[in-house]
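I want to get the overall layout down, then follow a few residues and some ring pairs.

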Amino acid sequence: MPNAEINVNKIFTDDGAEFGGAFQKLCDDRYILLYRLSPKTGSKHRTGIVERFNRTLKRLIAEERKRQSLGGVEPSSVEDLLPMALENYNYDNPHRGLME
């Protein structure tokens with residue numbers, strides 16, 4: 001799916017400090033709804049799903065960068081690899097996601 005456009009309209013995170021400040025402003029500027037799950041606003045199960053997705057996404061991006069590197073190609077930026085990683089996550093990896 002080269003040159004695919006991805007429209008992000010909501011992001012689920014835990015309540016870590018890294019998702020406030022500049023990240024919150026970036027989401028606001030792009031009209032992206034940011035859902036910060038904490039023990040008061042989200043279940044441990046749902047927070048676990050978010051954490052697992054983040055780990056999987058990091059792994060998929062790292063694997064592709066390693067593949068490129070081993071192939072003698074300068075690894076692409078994370079921004080360039082994100083569409084490929086999301087396609088892999090959505091279509092090539094069986095999972096349940098947030099459908100519960």
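Below are my notes, from the whole chain down to single residues.

**Ground rules.** I am looking at a predicted model, where local features need pLDDT of at least 70 and side-chain atom pairs count only at pLDDT 80 or more, while totals for chains, interfaces and linings use all residues. Numbering runs from 1 along each chain as its sequence is written, and side-chain values use heavy atoms, with hydrogens and water left out.

**Whole chain.** I started with the secondary structure: 3 helices and 2 strands, in the order β-α-β-α-α along the sequence. Helices (H or I, at least four residues) and strands (E, at least two) are DSSP runs, numbered from the N terminus. Of the 100 residues, 25% count as buried; buried is under 20% relative accessible area, exposed is over 50%, and partly exposed is in between (1.4 Å probe, protein chains only). Accessible surface comes to about 7700 Å², with 54% of that on carbon and sulfur atoms; the areas are from the Shrake-Rupley method with a 1.4 Å probe, and for residues only the protein chains shown count as cover. I also noted that, among contacts (heavy atoms within 4.5 Å) with a separation of 6 or more, 39% are between residues 24 or more positions apart.

**L34.** I found L34 in strand β2, residues 33-37. Its relative accessibility is 16%, so L34 counts as buried. What does L34 contact, leaving aside neighbours within four places in sequence? I get I11, T13, F19, F23, Q24 and C27. The C-alpha atoms of L34 and K10 are 5.8 Å apart, though 24 residues separate the two along the chain.

**T13.** T13 sits in strand β1, residues 10-14, and is buried at 3% relative accessible area. With neighbours within four places set aside, its contacts include F19, F23, L34 and V50.

**Rings.** Rings of Phe, Tyr and Trp (its six-membered ring) pair if their centres lie within 6.5 Å; planes under 30 degrees apart are stacked, over 60 edge-to-face, the rest tilted. I count 3 aromatic pairs by this rule. F12 and Y35 are stacked, 4.9 Å centre to centre with 15 degrees between the planes. That pair links distant parts of the chain, with F12 in strand β1 and Y35 in strand β2, 23 residues apart. F12 is partly exposed at 27%, and Y35 is partly exposed at 35%.

Why is the pair F19 and F23 edge-to-face? The ring centres are 5.4 Å apart and the planes are at 70 degrees, so F19 and F23 fall in that class. F19 counts as buried at 16%, whereas F23 is partly exposed at 24%.
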